[in-house]
Amino acid sequence: MLAIRLIVTFFGSGLSRFMPGTIGTLAALPPAWFIHASFGAAGLLITGAVAYVVGSLATRAYLHTHPDKNDPKEVVIDEVAAMWFLLTIFAHNIEAYI
């Protein structure tokens, strides 16, 4: 269960009391920069797809163990995957990330 929680909260970034979705999105930027620098836009696209699929499965399992939650704010893996998909179309420069 700890692994599922780490995935859906993107290593705890979604556990922030203040704007967890925004914090999760910001937490996605450094790994995106590294992935894009190392493997290019295609690598980031593939990693985003993997995050989407694994995140969807983990979110399903998480919601199964928390049936009282409809749209938990701590689940930010969807924001992470979306950010990674979006960043594949931008040039790899700091202005695009800002």
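Three aromatic pairs were counted in this predicted model, where rings of Phe, Tyr and Trp (its six-membered ring) are taken to pair if their centres lie within 6.5 Å, with planes under 30 degrees apart classed as stacked, over 60 as edge-to-face and the rest as tilted. Residues are numbered from 1 along each chain as its sequence is written. Because the model is predicted, local features need pLDDT of at least 70 and side-chain atom pairs count only at pLDDT 80 or more, whereas totals for chains, interfaces and linings use all residues, and side-chain values rest on heavy atoms, with hydrogens and water left out.

Among the pairs is that of Phe-10 and Phe-11, which is edge-to-face, with 5.3 Å from centre to centre and 65° between the planes. With buried defined as under 20% relative accessible area, exposed as over 50% and partly exposed as in between (1.4 Å probe, protein chains only), Phe-10 is buried at 10%, whereas Phe-11 is exposed at 63%. Phe-10 also pairs with Trp-84, and this pair is edge-to-face because the ring centres are 6.0 Å apart and the planes stand at 80°. The two residues lie 74 residues apart, Phe-10 in the loop between α1 (2-8) and α2 (20-65) and Trp-84 in helix α3 (residues 77-87), helices being DSSP runs (H or I, at least four residues) numbered from the N terminus. Trp-84 is buried, at 6% relative accessibility, and together Phe-10, Phe-11 and Trp-84 form one aromatic cluster.

The structure also holds 1 salt bridge, defined as a side-chain nitrogen of Lys or Arg within 4 Å of a carboxyl oxygen of Asp or Glu. This bridge joins Lys-69 to Glu-74, with the closest N and O atoms 2.7 Å apart; Lys-69 is partly exposed at 31% relative accessible area, while Glu-74 is buried at 12% relative accessibility.
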